[in-house]
Amino acid sequence: MPEVKSMFREVLPKQGQLSMEDVPTMVLCKPKLLPLKSVTLEKLEKMQQEAQEAIRLQELAQKDRPESL
């Protein structure tokens, strides 16, 4: 393949600083929705509520039943 010669010649300074301006641009991406509670946490809370309800029912049953010795 033939080499393509540029019309412009690269010029680098012999003294001083070489600076290059880089302008950052904003990149918008799709927002990610996170659940407020995880599925596991919801299951644990449901199990805890059921256990508390069962204990409450047992306590009510013991109060209603007269103690006989």
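A residue is taken as buried when its relative accessible area is under 20%, and by this criterion buried residues make up 0% of the 69 residues in the protein chain of this predicted model. The accessible surface of the chain comes to about 8600 Å², of which carbon and sulfur atoms contribute 59%. With regard to secondary structure, the protein chain contains one helix and zero strands.

The segment that precedes helix α1, which spans residues 39-64, includes S38. The side chain of S38 reaches the backbone nitrogen of L41 at a distance of 3.2 Å, and S38 itself counts as partly exposed because its relative accessibility is 38%.

A search of the whole structure identified two salt bridges. In one of these, K37 is paired with E45, and the closest N and O atoms lie 3.0 Å apart.

Because E53 and R56 stand three residues apart in helix α1, about one helical turn separates them. As regards accessibility, E53 is partly exposed at 35% relative accessibility, and R56, with a relative accessible area of 40%, is also assigned to the partly exposed class.

Definitions and conventions. Residues are numbered from 1 along each chain as its sequence is written. This is a predicted model: local features need pLDDT of at least 70, side-chain atom pairs count only at pLDDT 80 or more; totals for chains, interfaces and linings use all residues. Side-chain values use heavy atoms; hydrogens and water are left out. Helices (H or I, at least four residues) and strands (E, at least two) are DSSP runs, numbered from the N terminus. Buried means under 20% relative accessible area, exposed over 50%, partly exposed in between (1.4 Å probe, protein chains only). Accessible areas come from the Shrake-Rupley method with a 1.4 Å probe; for residues, only the protein chains shown count as cover. A polar contact is a pair of N or O atoms within 3.5 Å; within protein, one must be able to donate a hydrogen and the other to accept it, and residues adjacent in sequence count only if both atoms are side-chain atoms. A salt bridge is a side-chain nitrogen of Lys or Arg within 4 Å of a carboxyl oxygen of Asp or Glu.
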